[in-house]
Amino acid sequence: MDLTFEKFNFAEELQNQRTLFVECFPENIGTPVEGIAHYKWKFHSFPSKMEQKSYEYVAKIGDDMVGYYAALPYEYIIDGKPHQVAMVCDVMTGIKARGKGVFTKLGVYSTEQFNDEGFSFSTGYPIRPDVIPGHKKAGWTFPFQIPMYGKFIRMNAFLSSKGKSFLIPFANIALFGYNIFTSGFTSVGSKGLSIKQYSSKQIEKIDGFDLFFSSWIKEQKIALSKNTAFLKWRLGAPEKEYTILTIQKENNIIGYTVLRKVEKLGVPCLGILDFCLLDSYKSAASLLMRKVIDVAKKEKAELILMMMMKNNAAKYRLSKLGFIKTPYPFSFITKLFNNAPNQDIMFDENNWSLMWIDSDDL
């Protein structure tokens, strides 16, 4: 097998990459994610401090592109110091190259390039079990999992998808009572607070956004370097729009969340991309979540979903707000390079506040 690895030549090989993408992720056929505009947004518009907007590598058998491995240069603040991190995404191996070690070999090659480029470490969030062995063989470590939490508003679509439509009236009555009970916890800590709602197209109009992010980052051991520029890019994919809720004490933002209507397994859902508050106002999570529930009802979503660290789920008292842990966790994987922080810091899940915003999902 004449297998070679090289940097991806965007100018000459983009159509080959798009063809491989459709082959590997056919669920995206007919969606904006399939298009060139989406690719250009994702890999050529990132507000990076590094020399490149993205880092892309391919595997070839002869002249045929059979594998692709990419990363975006996210920045994390760890113990007050910035670290450039390769957030790996769109990893794929063509059908005819599977079972031949291409996935593992391309992973080894690409992560070695990340190290040479000066990244401190790489991150990834696989949920499909079939890719786990290849990542492990390529030297990735799996320090912990990130639970996915859910709260049902109604159960119509979920039960219909399971062929149990006859249970819908009974399930919704029980769910209504449960939600009434948990709604009693959403009035805690609301005195003097207000909530504002924005579209993701209004990010630059949110006064005090960067000041809030700066304050939040200082409270974290490890934090994604979020700011207005990053949010404008992260929420700026073609044909996507998000809802942003900010919660204020007087005129100062003390927390925020980002939401998007999605469909998961035939169920209309409201996905929570990010949700965080300053530590001194953590009890206000209940008030912010009440507004999230209002948005879900208005959008006719039947299930609210979010990926969140266990320590933050406990801090924000998600269980008292009616959220349950689903059986579908994400694996957090990382590979440490020459400039990596201390391993004890990196592998302690209590040091992280990971959500979907840290990935390229949703």
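Glu6 is partly exposed, at 29% relative accessibility, where partly exposed denotes the range between buried (under 20% relative accessible area) and exposed (over 50%), computed with a 1.4 Å probe and protein chains only. In this predicted model, local features need pLDDT of at least 70 and side-chain atom pairs count only at pLDDT 80 or more, whereas totals for chains, interfaces and linings use all residues. Residues are numbered from 1 along each chain as its sequence is written, and side-chain values use heavy atoms, with hydrogens and water left out.

The side chain of Glu6 meets that of Lys60 in a salt bridge, at 3.0 Å from N to O; the criterion is a side-chain nitrogen of Lys or Arg within 4 Å of a carboxyl oxygen of Asp or Glu. This pair links distant parts of the chain, with Lys60 in strand β2 (residues 55–61) and Glu6 in strand β1 (residues 3–7), 54 residues apart. Strands (E, at least two residues) and helices (H or I, at least four) are DSSP runs numbered from the N terminus. Lys60 is buried, with a relative accessible area of 10%.

A salt bridge is also formed between Arg154 and Glu302, whose closest N and O atoms are 3.5 Å apart. Arg154 lies in the loop between β7 (148–152) and α5, and Glu302 in the loop between α9 (285–298) and β13 (303–307), so the pair ties together parts that are 148 residues apart in sequence. Arg154 is partly exposed at 41% relative accessibility, whereas Glu302 is buried at 7%. In a further salt bridge, the side chains of Lys315 and Asp279 meet at 3.2 Å, N to O. Here Lys315 belongs to helix α10 (residues 310–315) and Asp279 to the loop between β12 (267–277) and α9, 36 residues apart. Salt bridges that share partners join Glu6, Glu13 and Lys60 into one network. The count of salt bridges comes to 13.

Aromatic pairs number 33, a pair being two rings of Phe, Tyr or Trp (its six-membered ring) with centres within 6.5 Å; planes under 30 degrees apart count as stacked, over 60 as edge-to-face and the rest as tilted. The rings of Tyr39 and Phe43 have centres 5.2 Å apart and planes at 40 degrees, so this pair is tilted. Both residues lie in helix α2 (residues 36–44), four residues apart, about one turn of the helix. Tyr39 is buried at 1% relative accessibility, and Phe43 is buried at 1%. For Tyr76 and Trp352, the ring centres are 5.9 Å apart and the planes at 65 degrees, so the pair is edge-to-face. One aromatic cluster is formed by Phe5, Tyr55, Tyr57, Tyr69, Tyr109, Phe114 and Phe119.

Charged groups also lie over aromatic rings, under the criterion that NZ of Lys or CZ of Arg is within 6 Å of the ring centre and within 35 degrees of the ring normal. Arg18 lies over the face of Phe21, at 4.5 Å from the ring centre, and Lys226 over the face of Trp216, at 4.0 Å.
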